[in-house]
Amino acid sequence: MPVTVSAVLAVCAMLTVGPANPASPDPPTATAGTTGAAPAAATKPDATTATVGDSSVKAARVMENLGRGVVAVRSSSTEVLVSWRLLGLDPEGIGFNVYRSTGGGGYVRLNSGALTGGTNFVDSTADLSRSNSYRVAPVNGGQEQPPSAASTLTANHAQEPVVRVPLRSGGPVKFVWVGDLDGDGAFDYVLDRQTSPQKIEAYRSDGTFLWDVDMGPNSQNQDNIEPGSSAIDLGHWDGVTVYDFDSDGRAEVAVRIADGVRFGDGTTWTHEDDARQFMAVLDGRTGALRNWSAVPTTYLGDGPMGARLGVAYLNGTTPSLVAYMKNRRDDGSFNLMMAAWKYDGDSLDRQWTWLRGSQNAPDGHNTRAIDVNGDGTDEVAEIGFVLNGNGSLRYSMAPQGIIHGDRFHIADMDPGRPGLEGYGVQQDNPSGLLEYYYDAANGSVIWEHKGAGPADVGRGMAGDVDPRVPGMEVWSFSGLYNAPANRLTEPNASLRPWPQLGLWWDGDLTMELLNDGKIEKWAPANPTSSGSLPRLVSTWNYGAVTAAQGGPTLVGDILGDWREEAVYTNAAYDELIVFSTNRPTNTRLYTPVHNPAYRNAMTFKGYMQSHHVDYFLGAGMAGPPRPNIAYAGGGSAAVTAGASVRPAGTRR
């Protein structure tokens with residue numbers, strides 16, 4: 001039986017959660033001592049556990065209650081690939097039946113026996129001159145369960161690995177987020193419009209428009225380093241994220257706001273100081289303000305702060321909004337503040353604030369929230385330091401010579417070594433350091449590569465692309481290295497792939513690559529240079545245009561089985577083009593969006609990076625452990641019509 005939210009709350013009632021002194025409406029700034037010659041772990045709260053008799057019970061983290069995400073794409077002139085989710089809490093051995101309705105007729109089962117392999121099915125008997133709808137029904141213990149929602153291919157549908165979602169006309173789109181805004185179990189879409197002023201728009205999964213937010217006059221300064229106080233999605237900033245923060249079964253939209261922002265219900269936020277900023281949580285169905293909390297004014301004298309937002313389970317069971325925020329001093333240096341907020345369906349309360357101050361804690365262009373030491377609670381990681389769930393500094397890698405860099409990854413890169421590992425690249429390190437590999441739990445460097453002098457290594461990637469050697473490969477521009485062995489898997493460094501993004505697509509256990517609109521496969525037995533890798537998909541052949549840094553607006557497992565989608569727009573910006581695989585696979589894995597590390601990663605943008613699960617996913621992998629999760633509520637219990645909301649214009 002799936003774990004329920006009520007069961008989780010029953011365990012939580014026995015627990016001590018968070019720091020000993022609960023955060024007040026104006027919590028104190030977290031402090032941390034400077035690190036010594038090597039990274040040292042700061043004191044960290046225990047995972048959310050209770051002791052019952054002689055056993056330790058760890059409460060499950062509450063995650064999205066998703067449907068099967070059935071998707072059908074026409075994979076050839078005569079075939080359709082139907083794909084669906086294996087959910088995180090599905091029973092071992094669960095089977096599925098696949099049903100098709102042609103031309104609006106009754107549903108007919110297509111498989112003879114329940115399918116217990118990969119959660120996909122090739123239909124080669126459909127009349128593709130007519131519309132065809134597909135749905136799946138789980139089979140548990142020999143008993144068929146209620147069917148899923150359906151996915152429909154129109155009559156004479158194009159042969160393409162694509163789902164098209166209509167949008168209103170508007171400006172360019174840089175980023176797309178997903179969340180179940182209406183509680184129906186399907187991912188809906190939230191996107192930006194890079195206009196002046198900027199806008200945020202929300203759509204149901206089928207493209208039905210829900211609402212928009214006008215980010216106001218303070219979004220017109222779109223400088224990528226020192227943007228306006230309500231500007232979003234510039235440089236390595238985002239300032240928006242989407243998640244079910246109160247675990248009621250419907251996602252909210254979190255956004256950093258300032259004077260002049262008009263919400264989805266038509267109300268406008270006002271404040272006499274354009275530089276003052278606030279965190280706001282919006283109703284996912286309407287775009288109306290649910291509640292807000294002031295961004296600390298510690299650095300207000302240096303102007304508004306750019307922001308990256310995302311999700312972390314700091315107490316191990318329920319989500320928090322976390323923010324990375326910076327502004328620039330007159331001398332060109334930067335202030336760095338990180339903070340966390342908790343939204344409970346009514347109030348939005350700041351849990352902690354961390355100020356870098358004079359501490360040597362190197363940051364970068366993307367943020368990750370992941371449980372680095374396996375105790376069930378998340379830490380917040382930057383390229384050169386990690387914060388504990390209570391906002392204290394866990395470690396800094398600066399004493400080991402790490403400085404600012406553009407990209408880093410944390411994953412189980414070495415399945416033969418306990419825990420998680422990290423890989424990062426450097427920008428103009430005076431020591432000549434180019435890239436490094438480290439223990440994610442304590443920051444100790446395992447190996448590093450240096451060059452003849454400083455270099456700006458602008459890209460770095462991690463994933464298993466060579467099945468001949470165990471574990472993941474890591475690479476920038478110095479060659480393709482097997483991370484566990486610190487050894488080149490391809491002696492000719494020029495034959496390494498371009499280090500941009502990874503993508504699970506073709507169904508085997510090695511990672512595909514997504515680079516400048518191309519889905520590619522590096523072939524270790526016949527390696528070619530990064531400009532001539534074997535091509536699986538050219539996205540422009542289906543009308544897609546690239547967004548920031550030649551990338552998509554989103555990569556993530558949002559439809560179908562465990563493999564990932566890549567979301568683009570067309571050139572007119574009035575359609576999302578969602579690339580979803582057209583290749584069958586026998587590999588069965590639960591959906592990555594029920595993996596805590598992966599789902600957290602989907603909520604952050606910055607310089608877009610690949611998402612990683614918290615187990616080794618690659619050639620020769622063992623079966624992943626069952627995630628310790630519970631599904632969020634049905635979508636109505638935690639929301640009441642009279643919920644208290646501080647009105648726009650209230651100042652504090």
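Predicted model: local features only at pLDDT ≥ 70, side-chain atom pairs only at ≥ 80, totals over all residues.
I placed K174 in the loop between strand 13 (162-166) and strand 14 (176-179).

K174 is buried, yet I found no salt bridge for it. The nearest side chain of opposite charge belongs to D233 and is 6.5 Å away; a salt bridge would need a side-chain nitrogen within 4 Å of a carboxyl oxygen. I then turned to the backbone of D233. Its oxygen lies 3.3 Å from a polar atom of the K174 side chain.

I went on to the peptide bonds and backbone angles. Most peptide bonds are trans, and most residues other than glycine have a negative phi. I noted a cis peptide bond between S196 and P197, with omega about 0°. P197 sits in the loop between strand 15 (188-193) and strand 16 (199-203).

I noted a positive phi, near 55°, for N156, which is not a glycine. I located N156 in the loop between strand 12 (151-153) and strand 13. N156 counts as exposed because its relative accessibility is 56%.

I noted a positive phi for Y573 too, about 60°, again in a residue that is not a glycine. Y573 lies in the loop between strand 44 (565-570) and strand 45 (575-579). With a relative accessible area of 24%, Y573 is partly exposed.

Notes
Residues numbered from 1 in each chain as written. Heavy atoms only, no water. Helix = DSSP H or I, 4+ residues; strand = E, 2+ residues; numbered from the N terminus. Buried < 20%, exposed > 50% of the residue type's maximum accessible area, 1.4 Å probe, protein only. Lys, Arg positive; Asp, Glu negative; His and termini not counted. Polar contact = N/O pair within 3.5 Å; in protein donor to acceptor, adjacent residues only side chain to side chain.
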